[in-house]
Amino acid sequence: MNKHRVILITDGDAYARKAVEAVAKIYGGRCISQSCGNPSVLSGIDIVKLIKKTPYDPVFVMFDDSGFLGEGSGEQAMKYVANHKEIEVLGVIAVASRTKDAEWTKVDVCIDNEGNLTSRGVDKYGVPEMDIGRINGDTVYCLDQLDVPIIVGIGDIGKMAKKDSSDKGAPITKKAVEIIMERSGFNAKG
């Protein structure tokens, strides 16, 4: 059985949608634009149906909890998608945010707002923080429970003081995708 290869993104606002759509186009993939929302409104079952209908590879899927503490709708949907037998997760782009009660996750690497790789976490502006190997975010609560090959942390996707703007080709998001593709052995030209 051929599995559908996906990249999970822990943000779903309008800026994230534009950035992810721009980067997906570069790689010949497809963004499930219906997965955007703040918070996510589609269930994991609905998202898997959309992924299976997509003839493009890889598929980019967004999940967002809108800052709700604990496991929200975005994380429930993400867990369902990540654990589905017909889905192969290539990696996760974990998006930093400023949350009231900080949820955090371990990350394999982060990219700061200048496009530099760092072992330190980054904040929502893409500025490196003191913590090594972790970021705070609002839809990252369940990532440690998922069996995924790589988690790349970045600042607020599509933003970071316009350094990741879709008008500029979302260079920080693009670099995160490049790292995931390279690590997975996915042969894509971007």
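**From a helix to the core and the salt bridges**

In this predicted model, the buried residues of H3 are covered by elements that include strand E1 (4-9), helix H2 (44-53), strand E4 (87-95) and strand E5 (103-106). The buried residues in question, within helix H3 (residues 73-82), are Gly74, Glu75, Ala77, Met78, Val81 and Ala82. Viewed down the axis of H3, they fall within an arc of 160 degrees, so they line one face of the helix.

Val81 also belongs to the largest nonpolar core, which has 30 residues and in which Leu8, Ile47, Ile51, Phe63, Val81, Val89 and Leu143 touch the most other members. At least two residues of this core come from each of E1, H2, strand E3 (59-62), H3 and E4. Leaving aside residues up to four places away in sequence, isoleucine 51 touches His4, Val6, Ile32, Val59, Val61, Val81 and Ile87. Another core, of 29 residues, lies apart from this one and has Ala19, Val20, Ile179 and Ile180 among its members.

The structure also holds eight salt bridges. In one of them, glutamate 86 pairs with lysine 52, with the closest N and O atoms 3.2 Å apart. Because glutamate 86 lies in the loop between H3 and E4 while lysine 52 lies in helix H2, the pair ties together parts that are 34 residues apart in sequence. Glutamate 86 is buried, at a relative accessible area of 17%, whereas lysine 52 is partly exposed, at 39%.

Elsewhere, lysine 159 and aspartate 156 meet in a salt bridge (3.3 Å, N to O), and Asp13, Asp156 and Lys159 are linked in a network of such bridges. Here aspartate 156 is buried, with a relative accessible area of 9%, while lysine 159 counts as partly exposed at 24%.

Terms used:
Residues numbered from 1 in each chain as written. Predicted model: local features only at pLDDT ≥ 70, side-chain atom pairs only at ≥ 80, totals over all residues. Heavy atoms only, no water. Buried < 20%, exposed > 50% of the residue type's maximum accessible area, 1.4 Å probe, protein only. Helix = DSSP H or I, 4+ residues; strand = E, 2+ residues; numbered from the N terminus. Arc of directions from axis to C-beta. Contact = heavy atoms within 4.5 Å. Core = buried A, V, L, I, M, F, W, Y, C linked by side-chain atoms within 4.5 Å. Salt bridge = Lys/Arg side-chain N within 4 Å of Asp/Glu carboxyl O.
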